Amino acid sequence: MFNLILFGPPGSGKGTQSERLVEKYGLVHLSTGNLLREEISQKTPLGLEAKSFMDKGQLVPDEVVIGMVDSQFEKHKEARGFLFDGFPRTVAQAIALDKLLELKKTEITSVLALDVSEEELVKRLLNRGKTSGRSDDSDEAVIRKRFSVYSNETSPVAEHYKKARKFYNIKGEGSVDDIFDSLSDSIEKRMKKVL
Ligand code: B4P
């Protein structure tokens with residue numbers, strides 16, 4: 001299997017690039033943000049719990065997110081690989097993911113991290129907030145809170161994968177097409193080694 005993580009702060013383009021990458025490489029797209037928003041729109045108990053965290057710019061508790069990922073694995077037993085988008089966001093989630101993949105006799109191939117300045121991120125998210133109806137994108141204070149959560153809880157995940165020599169930085173500013181080309185180049189280098 002070929003399992004990728006697309007990593008980066010809120011608004012760095014993980015969702016945008018993932019949609020194209022899964023199509024090009026035939027991977028299953030596993031976006032925890034999208035899964036949570038689906039639960040919210042269906043007003044499930046999990047969705048109602050998640051919304052209270054997301055609206056404040058906080059992370060949804062690890063056990064909720066890990067359970068959700070586990071059931072996606074069950075649903076896609078035949079996948080040739082996964083693209084994880086927005087997951088893992090804590091070291092506990094990264095450790096849980098390693099274990100889940102080990103049970104499937106596979107592992108993360110590489111982590112591609114999108115580098116974008118904070119000023120550009122705020123601009124993108126406020127802009128999306130105008131049209132998406134996402135409550136976590138409309139308020140600059142909530143956006144700033146998401147950055148502080150990212151730097152405290154999510155950036156240590158980078159260290160986890162750096163230690164495993166699986167972490168690669170990619171310039172995340174510029175046109176969507178140029179960033180997609182850089183990601184594709186990096187993926188194809190790793191694919192040659194794995195497949
Ligand atoms: P997510 O849904 O993962 O979303 P995100 O981090 O806000 O954005 P992403 O990086 O995907 O940006 P996008 O491509 O859309 O998380 C939302 C919330 O869910 C979290 O805050 C948290 O509460 C919860 N959550 C999710 N996963 C969790 C987990 N594992 N554990 C706990 N909680 C979790 O791009 C953003 C905007 O930029 C778009 O409008 C796009 O059009 C624009 N854009 C993209 N690329 C661009 C480019 N090159 N130039 C200009 N604009 C660009």
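**A cavity and a helix pair**

Let's start on the inside: the lining of the largest cavity splits into 8 nonpolar, 3 polar and 2 charged residues. Keep in mind that this is a predicted model. The lining comes to 13 residues in total, and the ones nearest the centre of the cavity are G8, K14, G86, R89 and T154. As for volume, the largest cavity takes up about 70 Å³. A search through the whole structure turns up 1 cavity of 30 Å³ or more.

Which elements build that lining? Strand β1 (4–7) and helix α7 each put in at least two residues. The biggest share comes from β1, with 3 residues.

Helix α7 also takes us to the next stop, its packing with α6. Two packed helices are described by the angle between their axes and the distance between those axes. Here, α6 (residues 118–132) and α7 (residues 140–163) pack at about 135 degrees, and their axes are 10 Å apart. Angles over 145 degrees would count as roughly antiparallel and 65 to 115 as roughly perpendicular, so α6 and α7 are oblique to each other. Their crossing is right-handed.

And who does the touching? On the α6 side the contact uses E118, L121, V122, L125, L126 and R128, while α7 brings E140, I143, R144, R146 and F147.

Note on methods
Residues numbered from 1 in each chain as written. Predicted model: local features only at pLDDT ≥ 70, side-chain atom pairs only at ≥ 80, totals over all residues. Heavy atoms only, no water. Axes fitted to C-alpha atoms, helices over the stretch in contact; angles between N-to-C directions. Helix = DSSP H or I, 4+ residues; strand = E, 2+ residues; numbered from the N terminus. Parallel < 35°, antiparallel > 145°, perpendicular 65-115°, else oblique. Left-handed = near helix turned anticlockwise from the far one by under 90°. Contact = heavy atoms within 4.5 Å. 1 Å grid on protein atoms, 1.4 Å probe; cavity = no way out; pocket = protein on both sides within 12 Å on 5 of 7 lines; lining within 4 Å. Points joined across faces, edges and corners; volume = space filled by probe spheres on them. Nonpolar A, V, L, I, M, F, W, Y, C, P; charged D, E, K, R; others polar.
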